[in-house]
Amino acid sequence: MAALVGAAFTLLFVARYYQHAPDLAWYNSVVVLALAALLAWLAWTTRKALRPSRRRLQAAAIDGRDPSPAPGRLDGPEHALQIARLAVLGKAASIAGAAFFGAYLGFTVWLAVQAGRLTAAADDLPAAVLGTAACAVLTAAAVWLEHSCRIPPQDRDGRDRPDRP
């Protein structure tokens, strides 16, 4: 929904005020891609910490060890708060990424239509396409982070159930 609203507003404003729009720069997209990489890394490490691999669980069962995480990893309320904060970060970044994706998409559509008539529109089009792709990657990484913060379901005796049957 945020992407559609962003695209609609951007199409309306760009059609009317393109001559006053700021220049699109490629380095803005690089910053968005760097943020997406950070969110993807956070999602990967969070998922790895919350969902132990089957290999680690099997090795712990063979050795007779407790398959719970190492001390200091996810023990205590401060780690639960950290996971909750990461979930909030993922949710906020996914909404913002979707809104900016829509804005860049609206800008890209307008520029693609006007590229044959306006030289400035043709010059701005590659940066707009790069920005659209960067915001899509940011949104995907943020959704992955939000999904990675879910606690896996547990049996009645407290053991983790596998996600798949």
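Gly90 has its place in helix 4, where helices are DSSP runs of H or I of at least four residues, numbered from the N terminus. The model is a predicted one, in which local features need pLDDT of at least 70 and side-chain atom pairs count only at pLDDT 80 or more, while totals for chains, interfaces and linings use all residues. Residues are numbered from 1 along each chain as its sequence is written, and side-chain values use heavy atoms, with hydrogens and water left out.

With a relative accessible area of 0%, Gly90 is buried; buried means under 20% relative accessible area, exposed over 50%, and partly exposed in between, for a 1.4 Å probe and protein chains only. Leaving aside neighbours within four places in sequence, Gly90 is in contact with Ala142, Leu145 and Glu146, contact being heavy atoms within 4.5 Å.

Helix 5 covers residues 119-148. At 1.5 Å a residue, its 30 residues should span 44 Å, and the end C-alpha atoms are 45 Å apart, which agrees; the expected span is 1.5 Å times one less than the number of residues. Helix 5 also has a kink of about 35 degrees at Leu125, shortly before the proline Pro126. The bend at a residue is the angle between axes fitted to the seven residues ending there and the seven starting there.

Not counting residues up to four places away in sequence, Leu39 touches Leu89, Ala93, Leu138, Ala141, Ala142 and Leu145.

Cys149 is buried at a relative accessible area of 8%, and Cys135 is buried at 2%. The count of disulfides comes to 0, a disulfide being a pair of cysteine sulfur atoms within 2.5 Å.

In helix 1, Thr10 is buried, with a relative accessible area of 13%. Beyond residues up to four places away in sequence, Thr10 touches Ala103, Gly106 and Phe107.

The structure holds 2 aromatic pairs. Rings of Phe, Tyr and Trp (its six-membered ring) pair if their centres lie within 6.5 Å; planes under 30 degrees apart count as stacked, over 60 as edge-to-face and the rest as tilted. The ring centres of Phe9 and Phe13 are 6.4 Å apart with planes at 25 degrees, so this pair is stacked. Both residues, Phe9 and Phe13, lie in helix 1 (residues 2-17), 4 residues apart, about one turn of the helix. Phe9 counts as partly exposed at 49% relative accessibility, and Phe13 as exposed at 52%. Trp26 and Tyr27 form an edge-to-face pair, 6.0 Å centre to centre and with 80 degrees between the planes. Trp26 is exposed, with a relative accessible area of 57%.

Methods: Helix = DSSP H or I, 4+ residues; strand = E, 2+ residues; numbered from the N terminus.
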